[in-house]
Amino acid sequence: MGLFTLDDLRRIMRAVGVDGTDVDLDGPIDDVPFAGLGYDSLAVLETQVRISNEYGVRIPDDAVAEMTTPAAAVRYVDDLLSTVGSR
Amino acid sequence: MTRPAFTGLGVLAANGVGAAAWWRNTLDGVSGIGPVDAYRTAGFPATLAGAVPDFDPVAHVPARLVTQTDRWTQMALAATDWALADAGIEPDRYDPYRLGVVTGSASGGNEFGQREIGRLWQRGPGAVGAYQSIAWFYAASTGQISIKNGLKGPCGVLVTEQAAGLDALGQARRMLRDDADVVLAGGTEAALSPYAWVCQQTNGWLSTAREPAGAYAPFDVAACGYVPGEGGALLVVEHPDAARRRGAPVLGYLDGYAATFDPAVHTGRTDNLRRCIDAALADARCAPVDVDVVFADALAVPDRDLAEARALAEVFGPGGAPVTAPKSMTGRLYSGGGALDVAAALLALRDQVIPPTTGVARLDPRYPIDLVRDAARPARLRRALVVARGGGGFNAAVVLSQP
């Protein structure tokens with residue numbers, strides 16, 4: 001737990017560069033669907049690629065389809081990193 | 001519908017960003033052609049271009065879109081904003097399904113694509129950004145203009161090299177005849193990245209002159225090819241009834257449009273430029289004598305200049321309608337070129353003045369045309385013909401008239 005936090009996700013989402021929209025990523029975004037944050041499917045894909053590159057993990061495309069909110073993405077990536085770390 | 005109305009324009013070119021600055025410099029004969037930075041042209045035969053020096057995308061395009069788009073699309077987005085403002089159109093006051101967009105593109109998002117291919121080569125597939133999937137694509141400018149401005153009606157992209165800027169107007173007319181009220185039409189191009197530069201080197205038409213003065217001198221005895229440029233124009237093309245209803249000032253009308261295609265070069269058959277011009281005049285229901293100025297394709301490749309000069313002389317008579325090529329100041333803009341020439345023709349009709357062709361020291365005596373050179377020429381202008389030839393055999397022509 002705690003290997004990948006919401007703040008990590010916020011940092012990567014900012015790097016994707018969709019900010020400048022009306023959404024404040026510092027706010028309570030946990031359960032807001034990515035689309036509602038201005039992150040369309042390509043922006044989510046870009047976020048996935050950046051997480052994979054930075055953390056050295058592979059996130060399957062079908063897993064991304066399940067990560068509809070930041071909270072779901074953090075949970076998935078954190079679980080993945082914990083699994084990798086405990087192996 | 002009678003004739004589509006032009007009610008706004010947005011322009012970027014090497015000799016001016018924004019219609020006012022560009023038009024002032026164009027009438028004054030100020031060229032924007034110069035050396036491209038060494039990184040781009042090191043080791044290449046051609047080293048001059050019409051780069052747009054004063055375009056900072058961040059100043060004109062939202063940050064998130066800058067991340068997702070190529071320079072060519074950023075230019076199209078900026079030109080769209082200016083064209084809509086010029087026309088006094090706020091898209092959100094319209095039924096979005098009656099607003100359309102059609103652009104031309106000859107080389108797509110080559111600079112963006114080169115950067116991502118560099119990452120693929122150096123760091124592998126995982127390093128390629130997701131936005132490569134849309135940023136390079138020919139339709140990217142049309143799509144981003146549509147999304148950003150809420151234009152949900154008919155849209156499309158035309159890939160006919162230099163002819164595309166005019167073909168876009170023909171397509172806009174079809175959309176207006178169908179069910180659109182307003183169509184953003186035109187094109188931009190930004191093909192000065194190293195990758196794009198390489199692609200152009202072997203076409204045999206590029207000027208390899210080292211000095212900007214005279215480097216792009218169409219119809220000159222010493223014509224040695226064209227200089228590529230970046231930029232272009234977006235035009236607001238409006239249904240005349242829609243323009244009338246809102247009392248919009250009209251810059252000019254699209255009276256006629258035609259396109260033809262050339263036979264393969266190896267057949268030795270003659271090109272179809274003259275047929276294209278004849279067809280555009282017929283479509284406009286006007287006679288050659290009704291045309292007061294011609295904006296030429298002006299490739300500056302001797303046999304192509306000869307073919308164009310002959311076609312014009314056949315239609316208009318030797319020394320007939322005055323001919324000009326302000327692209328001698330901006331470079332050849334591919335998809336942006338026809339659109340920029342239309343912008344120039346509309347402002348020429350408005351101001352009753354023909355912008356000059358620059359850099360021509362000596363008109364080739366084989367060409368029986370009245371080339372407007374060095375200085376702008378005041379003239380009574382009712383109609384203008386704009387001609388464009390796209391590499392690969394595309395011809396397009398439009399006839400524009402003053403309001």
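In what order do the elements of chain A run from the N terminus on? I looked this up before anything else. The order is α-α-α-α, and chain A has four helices and zero strands. Helices (H or I, at least four residues) and strands (E, at least two) are DSSP runs, numbered from the N terminus.

I then looked up the extent of chain A. Its radius of gyration is 12 Å, close to the 12 Å that the globule rule gives for 87 residues, so chain A is as compact as a globular protein of that length. The radius is taken over C-alpha atoms, and the globule rule is 2.2 Å times the number of residues to the power 0.38. The C-alpha trace of chain A spans about 40 × 20 × 20 Å along its principal axes.

I noted the basis of these values. The model is predicted: local features need pLDDT of at least 70, side-chain atom pairs count only at pLDDT 80 or more, and totals for chains, interfaces and linings use all residues. Residues are numbered from 1 along each chain as its sequence is written, chains are lettered from A and ligands numbered from 1 in the order in which they are written, and side-chain values use heavy atoms, with hydrogens and water left out.

Next I checked burial in chain A. Buried residues make up 46% of the 87 residues; buried means under 20% relative accessible area, exposed over 50%, partly exposed in between (1.4 Å probe, protein chains only).

I turned to the interface. Twelve residues of chain A are in contact (heavy atoms within 4.5 Å) with twelve residues of chain B. About 780 Å² is buried between chain A and chain B, and carbon and sulfur atoms give 57% of that area. Buried area here is the accessible area (1.4 Å probe) that two parts lose on being put together, summed over both. G17(A), L42(A) and E46(A) supply 48% of the area that chain A buries against chain B, more than any other three residues.

L42(A) is found in helix α2 (residues 41–55) of chain A. Is L42(A) buried or exposed? L42(A) counts as buried, at 16% relative accessibility. Leaving aside neighbours within four places in sequence, L42(A) is in contact with A130(B), Y131(B), S133(B) and I134(B).

Last, I looked at S141(B), which lies in helix α8 (residues 140–149) of chain B. S141(B) is buried, with a relative accessible area of 1%. With neighbours within four places in sequence left aside, S141(B) is in contact with W72(B), T73(B), A76(B) and T103(B).
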